[in-house]
Amino acid sequence: MKTAQKAAPKKSASKSSKQQKSNSQNSQEATGLRDLFQDSLKDIYWAEKALTKAIPKMIKNATSEELVAALTDHLNVTQEQVTRLDEVFNTIGVKAQAKKCEAMDGLIREAAEIMESTAEGVVRDAGIIAAGQKVEHYEIATYGTLTAFAKILGENEAAELLLQSLNEEKEADDKLSEVAEGSINLQAAGEDAEEEEEQ
Ligand SMILES: [Fe+2]
Ligand SMILES: [Fe+2]
């Protein structure tokens, strides 16, 4: 908060059509949440863009057809989510801008490490799913918060768009659980048994 105006109020901000200053008592808090909302949007914008580059690497490393299909589907969804965020920025009248998301950067690096350190096949597939679900959970938390922020800020159009992405992330998470529980985890556990027999 670098500008705490104490004395003479400055000339009314006539250029801004946003009527957030109706209650001067709360203006600082509302402005604070709006700033946080915008910062978080820039963060997830960076994250989604980074994922459009990271998911293809996961697809390349995956073996199970079902997993490849699930990831390919979610890559398309992710690209649409980037476009949807453009719309969100547009509806709130803020220039679309990406700000590095350290958390997503870490999750993507972790995914790369898992892929390097696992044997190709079901075990690597299980690792890709684990890494993918961490990503989805981060996104679910982010879109959940952003939807709530948008609602409270009266940005209903943005809230609806963000809710759509939230639901898509939940679907992706469920799909990954389904793929894992369907066969991959069981087969990967079978690899353990084989390894033990060999020893
Ligand atoms: Fe996403
Ligand atoms: Fe996602």
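What follows is a walk through this predicted model, from its overall fold to single residues.

Residues are numbered from 1 along each chain as its sequence is written, and chains are lettered from A and ligands numbered from 1 in the order in which they are written. Because this is a predicted model, local features need pLDDT of at least 70 and side-chain atom pairs count only at pLDDT 80 or more, while totals for chains, interfaces and linings use all residues.

Start with confidence. The score is pLDDT, the predictor's confidence in each residue, from 0 to 100. Its mean over the protein is 87. A pLDDT of 70 or more is reached by 83% of the residues. Residues 1-30 stay under 50. For that stretch the model has five contacts beyond four places in sequence. A contact here means two residues whose C-beta atoms, placed from the backbone, lie within 7 Å.

Now the fold. The protein has five helices and zero strands. Along the sequence the pattern reads α-α-α-α-α. Helices (H or I, at least four residues) and strands (E, at least two) are DSSP runs, numbered from the N terminus. Among contacts with a separation of 6 or more, 75% join residues 24 or more positions apart.

Next, the interior. A residue is buried if 20 or more other C-beta atoms lie within 10 Å of its own, exposed if 12 or fewer, and partly exposed in between; C-beta atoms are placed from the backbone. Of the 199 residues, 30% count as buried. A nonpolar core is a set of buried Ala, Val, Leu, Ile, Met, Phe, Trp, Tyr and Cys residues joined through C-beta atoms within 7 Å. The largest such core has 41 residues. Leu67, Ile129, Leu146, Leu162 and Ile184 have the most contacts inside it. At least two core residues come from each of H1 (27-61), H2 (65-92), H3 (102-116), H4 (122-152) and H5 (156-198). H4 gives the most, with eleven residues. Take Leu162 as a way in. Beyond its neighbours within four places in sequence, Leu162 touches Val88, Tyr143, Leu146, Thr147 and Ala150.

Helix H2 comes next. Its buried residues are Leu67, Ala70, Leu71, His74, Thr78, Gln81, Leu85 and Val88. The expected span of a helix is 1.5 Å times one less than its number of residues. The 28 residues of H2 should therefore span 40 Å, and the end C-alpha atoms are 40 Å apart, in agreement. Gly93 follows H2, with a positive phi near 70 degrees.

Ile92 is found in H2. Ile92 counts as partly exposed because 17 C-beta neighbours lie inside 10 Å. Ile92 and Glu155 are 63 residues apart along the chain, yet their C-alpha atoms are separated by 7.0 Å.

Move on to H4. At 1.5 Å a residue, its 31 residues should span 45 Å, so the 45 Å between its end C-alpha atoms agrees. Gly154 follows H4, with a positive phi near 75 degrees. Thr142 is found in this helix. Thr142 is buried because 23 other C-beta atoms lie within 10 Å. Leaving aside neighbours within four places in sequence, Thr142 is in contact with Ser40 and Ile44. Thr142 and Asp43 are 99 residues apart along the chain, with their C-alpha atoms separated by 9.3 Å.

Finally, look at how H3 meets H4. Their axes come within 9 Å and cross at roughly 175 degrees. Axes are lines fitted to C-alpha atoms, for helices over the stretch in contact, and angles run from 0 to 180 degrees between N-to-C directions. Angles under 35 degrees count as roughly parallel, over 145 as roughly antiparallel, 65 to 115 as roughly perpendicular and the rest as oblique. H3 and H4 are therefore roughly antiparallel to each other. On the H3 side, the contact is made by Ala103, Met104, Leu107, Glu110, Ala111, Ile114 and Met115. On the H4 side, it is made by Arg124, Gly127, Ile128, Ala131, Lys134, Val135 and Tyr138.

Met115 of H3 is partly exposed, with 18 other C-beta atoms within 10 Å. Past its neighbours within four places in sequence, Met115 is in contact with Asn61, Arg124, Gly127 and Ile128. Ala112 also lies in H3. Ala112 is partly exposed, with 14 other C-beta atoms within 10 Å.
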